[in-house]
Amino acid sequence: MGELKKLLMLTVPLYIANLMHMGMGVVDTIVAGQAGTGELAAVALGVSVAAPVTIAVSMVLSIVGPIVSRYRGAGYESKVGLLLNNARYAAAVLLVVMLLALYLASFAFSVVTDDVLLAEKARQYVYYIMLGTPAVLLMRIAQGNFEGFGQTRPAMVISLLGVLVNIPLDFVFVFGWGAFPALGGPGCGLATALIQWLMCLGMYVLLFCSRHRIRTRQMWTMRGMEGSLVRAIFRLGIPLGVASLCEMTFFSAVVLVIAPLGELMVSAQQVAINVSGVIFMLPLSLGIAGSIRASYHLGAGNAGAFDAMVRTLLVLALVLVSLFMLLTLLFRQEIVALYTESAPVIATATVLLFYCAVYQIPDALQVIMSGLLRGCHDTTIITWVSLGSYWLVGFPLSCILIRTDWIVPAMGPAGAWISFIVALSIAAVFFTMRFLRTRRSIFSSEH
């Protein structure tokens, strides 16, 4: 019962924080849509490049939390400040990578569209996003410190504030106000960049005002780089970033396969993807919580507590995900009606939500097992399994099921969801097998 309480105390704030991050994207979409379809299209194009790059690169630093937690479990809290100090050097390298990737990717807009004005607006959106990238990486380090000490509420509070500030800033920069000119869709990018800096500042204010103030000072102390620590961050973190990129680009590419089937199919798919994204925030949060607790118990060398935590985590995930799955099945039509009034879209998306509900079980299992592997500092396998399941199996299968009659008559968007289920099931199986092997290896070597 004690472990259940700890997991819930970690998961609930994480879930709210993740939903708030999604909420910022929803606000951008709504405000840009009010400015016109061209502005909305520019934001959509910009996000298609900016989101995968920023999330994938910043995910490298998500390993900071599990490392801090393992230090804490082993009684090495004094090393945390040194870790955070060196995470800054890793962030500096990642910043160069992120800025270069965003800049080069922005030229792709001229290739994917013949509309010169649309391409230019999407490029401006990305340039504005680039202004906030240092804050994204610095905030990830501070968040890792809090997560490592089992404190996820700071991220929740900062995310809530971010959503509240996002609304007025979007309107100011998109439509103009006083001395600020109307920037249209790209204004959402500028608003996002400013919010990232405000959220970063807020996170470090909370960090400095908490009991972590000593480690905050250690983080910003001018000292030489510890090569071993920076290499450890990259060795453990880069596979997480690559895996994240594989997953995001897979789902984006499948939408491109569906696009020639028409606006109705794309709209129905987008509704189903959005509903799935909201539900996914729950197992994602459980996976992060599991990685934190796994790292702590491994640092303490307590096999019994580790196994009890894993059992509790899996039962909790099964109960909660089953509840969400049941609600999705029972209220499919009502859920879709929240997104659109179009009867054809409602009919198509309602069918897709059946697959979306089934998809939740393998999706939850793979993200939780991935989180446990991250907590065990066994991350390289995550890259290879993600690459294989999503791109060697999932994407070819989606192309076949969506557009051809090779296996069954062309299924349209439903074929995409079957490919999602297959790819995620493969990932879940391999992650589970690897986790069991890793667990045996770690604790057998300690005896």
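Which residues of the largest nonpolar core touch the most other members? In this predicted model, the residues in question are Leu61, Leu83, Ile141, Tyr204, Phe306, Leu372 and Phe435, and the core to which they belong has 103 residues. In soluble globular proteins, nonpolar side chains tend to be buried together.

With residues up to four places away in sequence left out, isoleucine 141 touches Leu61, Val64, Leu84, Ala87, Arg88, Ala91, Tyr204 and Met219. Of these partners, Leu61 and Tyr204 are also named among the core residues that touch the most other members.

Valine 321 belongs to helix α13, which spans residues 303-330. Valine 321 is classed as buried because its relative accessibility is 3%, and the limit for a buried residue is under 20%. When neighbours within four places in sequence are set aside, the contacts of valine 321 are Gln360, Ile361 and Ala364. Between the C-alpha atoms of valine 321 and valine 116 there are 45 Å, and the two residues are 205 places apart along the chain.

Threonine 404 sits in the loop that runs between α16 (380-403) and α17 (413-444). With a relative accessible area of 16%, threonine 404 is buried, since this value is under 20%. A polar atom of the threonine 404 side chain lies 2.6 Å from the backbone oxygen of isoleucine 400. Apart from neighbours within four places in sequence, threonine 404 makes contact with Cys399, Pro409 and Ala410.

Another loop, between α15 (343-375) and α16, holds histidine 377. The phi angle of histidine 377 is near 60°, which is a positive value in a residue other than glycine.

The second largest pocket contains about 350 Å³ of space. Two or more lining residues come from each of α1 (2-35), α8 (153-175) and α12 (263-300). Helix α1 gives the largest share of the lining, with five residues. In total, 17 residues line this pocket, and those nearest its centre are Met9, Leu10, Phe149, Gly150 and Gln151. Sorted by class, the lining consists of eight nonpolar, four polar and five charged residues.

Two further residues were examined for accessibility and for distance to a second site. Lysine 6 is part of helix α1. Its relative accessibility is 42%, so lysine 6 is partly exposed, a class that lies between the limits of 20% and 50%.

Tyrosine 76 is located in the loop between α3 (64-74) and α4 (80-105). The relative accessible area of tyrosine 76 is 43%, and this residue is therefore also partly exposed. The C-alpha atoms of tyrosine 76 and glycine 150 are 15 Å apart, while the two residues are 74 places apart along the chain. Glycine 150 is one of the residues nearest the centre of the second largest pocket.

Key:
Residues numbered from 1 in each chain as written. Predicted model: local features only at pLDDT ≥ 70, side-chain atom pairs only at ≥ 80, totals over all residues. Heavy atoms only, no water. 1 Å grid on protein atoms, 1.4 Å probe; cavity = no way out; pocket = protein on both sides within 12 Å on 5 of 7 lines; lining within 4 Å. Points joined across faces, edges and corners; volume = space filled by probe spheres on them. Helix = DSSP H or I, 4+ residues; strand = E, 2+ residues; numbered from the N terminus. Nonpolar A, V, L, I, M, F, W, Y, C, P; charged D, E, K, R; others polar. Buried < 20%, exposed > 50% of the residue type's maximum accessible area, 1.4 Å probe, protein only. Polar contact = N/O pair within 3.5 Å; in protein donor to acceptor, adjacent residues only side chain to side chain. Contact = heavy atoms within 4.5 Å. Core = buried A, V, L, I, M, F, W, Y, C linked by side-chain atoms within 4.5 Å.
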